[in-house]
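Dear colleague,

Please find below the structure that I am handing over to you. My notes on what was found in it follow directly after.

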Amino acid sequence: MQRALLAALALSVTGGLLGTWIVLRRLAFFAHAAGSATFPGLVVAGPWGIAAPLAALAAGLSFAGLLARITRRGATSTNAATGLLLAGALALGIVLASDVYESGAGVDRLLFGTLLGLSDADLWLAAAVAASAIAATAALGRTWLATGFDPAAARSLGVPAARGDGLLLALLAVSVVATLPAVGALLVSALLVVPAATARLLTASIGTLLATSVVLAVGESVTGLLLAFHLDLPPGPAIAIVGGGVFALAALATAAPRRPRARSIA
Amino acid sequence: MIAATRIETRGLAASYGTSPPALSGVTFAVQAGQAVAVLGPNGGGKTTLFRALLGEISVVAGTLTIGAATAYVPQTERSRLDFPVSALDVALMGAYARTSWYRRVTSADRATARAALARVGLSEQARTRFGELSGGQRQRVLIARALVQDAEVLLLDEPFGGVDQSSEQAIMGILDDLRDEGRVLLIATHDVEQARRWDRVLCLRGEQIAYGPPAETLTNAVLQDTYGAEIVMLDCGHRAVAIQHHHH
């Protein structure tokens, strides 16, 4: 349980920080798709004698790299390219799993996750990715903010827009892989999207958004983990349900009619 | 005194990647303290010219010389209005290029950003969320950001698009001041009457049609070549209206 709590804290820091950029940059579908797109990597990991996280990482980075390449010229939208690659990755994984190799229990574990049964390697990976998310937000936060706010002017502002975007997608792919053992490929959004989406409803500045997102991610993952432990539930779905409930409450609270603010005309 | 040349192009052609040039045959020079209207239809090459001047796309023929720091002021519709940033946050983006990745924006740059917002008449709105400002106020915030960049050349992309008349007058006054202190302004527009107001006009339609003082350059023949069937002449040829087809 102690190991699960440590992992939940590390993954919550990652989810809170990167989730903020995922939500602001409208990459929620990408984050979900990157998790599911690791499927073919997980299928071939066992038969090829590769560590499952490494195979998932290769699949996730390939997904991010192909997406960046397809969308570079602007002719294909990010959503359309993500859907295209997601369908391709799932189809490849299904063919490999059903006709070429037999999928083992390891694949099931990574598809559905088990926060209460993590290895030391899983824990170290979660800690390393959390440290990377903190460092990247400190170093690249301004670049990600300027590029997301005003893509047309980002380069003229002197920020490394293209490099920043590439690093963001790569870091998201790595974070997805670190999150897989805990909540599974199908529920990575519970940590990488839901807390930040909830914080987005409650805050109006980038600093408070980052902080609120981390606090919510920690609260939701620890609460979900405790519920799973005491009620004998799978941890990933328990965290997702808590996150969904908090989002619903925040949406209801912020949907209450407010007094309209004066708006200047000039 | 001879004013310094800030921008000079000779036979400039620019293209996106390996595609054929989107703009070609552009030859003009702009001195410090001049404002140039860049006039043309949608797809005529105004944005392509700006991107070439910013070094964002390849110059595939001719030469291009820019002797000063350059800032781009986009249309406000291109910005994300739902982003959690205030007017001050946006103005501060102009200081990002001179801020090391491991440092916070300095208090001196904060003071510069506040002064830039004051200069465009938005001191009171510094803490207001960018998306809550009117179109004219947003445009002024983006001009303030260019001032924080300390740019001597400003490339303004349709700065009067979607703003009301009083905001247009306010923005016009700010641009006059910037020009008077020696900055170079290139103002992309499809408004022929607006173009007559500036020192020079550059007419583009995939290539350069004409360049010079508006009174000599904006002849009926040049406008017909620039806009083709999209131009309507009024008042026996003394006024011209460009019919724009907006792409959604």
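The pLDDT is the predictor's confidence in each residue, on a scale from 0 to 100. Please bear in mind that this is a predicted model. Chain B has an average pLDDT of 87, and 91% of its residues score at least 70. Among the elements of chain B, the highest mean pLDDT, 95, belongs to helix α2 (residues 87-92) of chain B, and the lowest, 58, to strand β10 (residues 231-234) of chain B. Where pLDDT is low, the predicted coordinates should not be read in detail. For the complex, the predictor gives an ipTM of 0.81 and a pTM of 0.82.

Turning to the contact between the chains, 24 residues of chain A and 26 residues of chain B take part. On the side of chain A that touches chain B, α7 (120-149) and α11 (206-231) of chain A each supply at least two residues. The most comes from α7(A), with 5 residues. By class, that side of chain A has 13 nonpolar, 6 polar and 5 charged residues.

Chain B also contains an open sheet of 6 strands with mixed pairing, in the order β5-β6-β7-β3-β8-β9 (chain B). Its edges are formed by β5 (70-73) and β9 (208-212) of chain B; each has a single partner strand, so one side of each is left without a neighbour in the sheet. Within the sheet, strands β6 (residues 153-157) and β7 (residues 184-189) of chain B pair in the parallel sense over 5 bridges. L156(B) has I187(B), in β7(B), as its bridge partner. Helix α1 (residues 46-53) of chain B lies across β3 (35-39), β5, β6, β7 and β8 (200-204) of chain B, and runs at about 150 degrees to β6(B).

With kind regards

Conventions: Residues numbered from 1 in each chain as written. Chains lettered and ligands numbered in written order. Predicted model: local features only at pLDDT ≥ 70, side-chain atom pairs only at ≥ 80, totals over all residues. Contact = placed C-beta atoms within 7 Å. Helix = DSSP H or I, 4+ residues; strand = E, 2+ residues; numbered from the N terminus. Nonpolar A, V, L, I, M, F, W, Y, C, P; charged D, E, K, R; others polar. Pairing = 2+ DSSP bridges. Axes fitted to C-alpha atoms, helices over the stretch in contact; angles between N-to-C directions.
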